[in-house]
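These questions and answers walk through one chain, beginning with a single side-chain pair and moving on to wider parts of the fold. Please keep the sequence and the model in view while reading.

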Amino acid sequence: MSGTVRNRNTTEKVHNEEPKLTEQQKKELADLKKIHPANEFGGIVGTFLLIFILPVVVYWIWASIEFNQGYLLRPATLSVDGVKDFFVTLYNYVITYAYPTKEAAVIYFAWFFFQAFLQHFVPGRRVLGSPLPGGKRLEYTLNGWASWWITLIVIPVCIYFGLFKATILYDNYAPMMTVVNIWSFVFTILLKVHAMIKDEEERMSGHFFYDYWMGFARNPRIGSFDLKLFCEARPGLILWVLMNFSIAAKQFEVYGEVSISVIMVCCFHFWYIADYYYHEEAILTTMDIITEKFGYMLVYGDLAWVPFTYCFQCYYLFKHLVDGQPIHISIGYACFVLGLKAFGFYLFRWVNSQKHAFRRNPEHLIWGKKPDYILTKRGTKLLCSGFWGICRHLNYTGDIILSWAWCLPCQFDSAAPYFYGIYFTTLDLHRCWRDHNACLEKYGDDWKNYCKRVPYVFIPKVF
């Protein structure tokens, strides 16, 4: 038997029988089962700390915005007693206001499984992912664009008929965050069990917390349902947008208006996610899908970090008042922020689009010319044309500009709403370093040659 998989440009045949592996592919598969060093994210100690510190960081910024007008909470004195009092205060806020409730659990899991239902049953284009070690390519059904719009129709209809209030997500933000924190720990354990049962563990270090953080299997699936793609692309991303809208509804409920700043942030994030789903196929060529294993790092990032921290700008704009009123910005300042955002978005989208088009079709013209590339000894092509001939990661440059543009409507009274910009800049710098090391190990001299051809990373002639 064989199936037909279609994408915009090609029709590919998928056969059930396994193709004969080359020696290189056999080596790639054998390497996956070898013990790998625990040398990323600070190793054994670093990953252990990250697992338990990240939820505390989210609680800290939430408490700062909710209870301190958006100014970051900090110890009254730099002493043992001062630090102790700080953590006691934070703990009391969490226990009192963020304790998980039945209502919060029902809201979240109804949401989670609603998105799983859409992922599984909504029709979509079937495409092949990028080649994995051993040459295998997985089949994906891309229905994110349809699921996105179905969600954006269903939720307002439910609000209109009084099934729940528009402010439901804001009203249950803190207890729901704790529900998701707990679920992230449990879900990661389930991924470990799943990987062991199906013998899909790869690149394991033998250190529990390091492997718990980095992940176990690369592409865990239940039947045809891809768990990693689902968590990456569904519940967290759409919940982030809906969380913004819920906060905006709360601002309207309390103050009778939605400020320009909140409207801008909501529109920026809405556009970003809508664009993500419109170009959904591009996610199949990302590091998260191709390279990363699925563990706590991605689980917590997808399910908790994204929806509960990326909305901090809106949250801050609601809670931080100036003379008793929400922040108001001038039209001129709004236009400046909009222009910066548009530039960052253009850079981010079109740089990524060039890479995606090249990976799908290496003969695809770039800026009207046949693409220039380095053919590696492994058979992989390293693009040296278009944006990718100017810098190795101009897509990250665009993403960083976007991240700061999203923060600027909050103005400058506090560092709290700039958490996203600081975090994303750090993330992209670290990801660039990881990508460089991985490519150097994978391609050797070919990667060194590529770096000579394209010496700049983020900014031409500068860095």
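Q: Which side chain is joined to that of Lys 250 by a polar contact of 3.0 Å?
A: This is a predicted model, in which local features need pLDDT of at least 70 and side-chain atom pairs count only at pLDDT 80 or more, while totals for chains, interfaces and linings use all residues. Residues are numbered from 1 along each chain as its sequence is written, and side-chain values use heavy atoms, with hydrogens and water left out. A polar contact is a pair of N or O atoms within 3.5 Å, where within protein one must be able to donate a hydrogen and the other to accept it, and where residues adjacent in sequence count only if both atoms are side-chain atoms. At 3.0 Å, the partner of the Lys 250 side chain is that of Glu 253.

Q: Is Lys 250 buried or exposed?
A: Lys 250 sits in helix α10, residues 235-255, where helices (H or I, at least four residues) and strands (E, at least two) are DSSP runs numbered from the N terminus. Leaving aside neighbours within four places in sequence, Lys 250 is in contact (heavy atoms within 4.5 Å) with Thr 167, Tyr 170, Asp 171 and Phe 318. Buried means under 20% relative accessible area, exposed over 50% and partly exposed in between, with a 1.4 Å probe and protein chains only. Because its relative accessible area is 14%, Lys 250 is buried.

Q: How many residues of α14 are buried?
A: The buried residues of α14 include Phe 318, which is also among the contacts of Lys 250. Phe 312, Gln 313, Cys 314, Tyr 315, Tyr 316 and Leu 317 of α14 are buried as well. The helix is mostly covered, and of its eight residues the number buried is seven.

Q: What is the distance in space, C-alpha to C-alpha, between Pro 417 and Tyr 315?
A: Pro 417 lies in the loop between α16 (394-407) and α17 (419-443), and it counts as buried because its relative accessibility is 1%. Not counting residues up to four places away in sequence, Pro 417 touches Gln 313, Tyr 316, Cys 407 and Cys 410. Although Pro 417 and Tyr 315 are 102 residues apart in sequence, their C-alpha atoms are separated in space by 8.5 Å.

Q: What area is buried between domain 1 and domain 2?
A: The domain assignment, whose bounds come from an automatic or database source, gives domain 1 (102-326) and domain 2 (329-462). The contact takes 33 residues from domain 1 and 29 residues from domain 2. Buried area is the accessible area (1.4 Å probe) that two parts lose on being put together, summed over both. Carbon and sulfur atoms give 63% of this area, which comes to about 2800 Å².

Q: Which element gives the most to the side of domain 1 that touches domain 2?
A: Between the two domains the count is six residue pairs in polar contact, both residues being at pLDDT 80 or more. The elements that give two or more residues to this side of domain 1 are α11 (260-278), α12 (287-290), α13 (296-309) and α14 (312-319). With nine residues, the element that gives the most is α11.

Q: How many salt bridges does the rule find across the interface of domain 1 and domain 2?
A: A salt bridge is a side-chain nitrogen of Lys or Arg within 4 Å of a carboxyl oxygen of Asp or Glu, and the structure as a whole holds 21 of them. Glu 292 forms one with Arg 434, the closest N and O atoms being 2.6 Å apart. Across the interface of domain 1 and domain 2, the number found is three.

Q: How many residues apart are Arg 434 and Glu 40?
A: The side chains of Arg 434 and Glu 40 meet in a salt bridge of 2.5 Å, N to O. Arg 434 is buried because its relative accessible area is 9%, whereas Glu 40, at 23% relative accessibility, counts as partly exposed. The pair links distant parts of the chain, with Arg 434 in helix α17 and Glu 40 in the loop between α1 (23-32) and α2 (43-67), and the separation in residues is 394.
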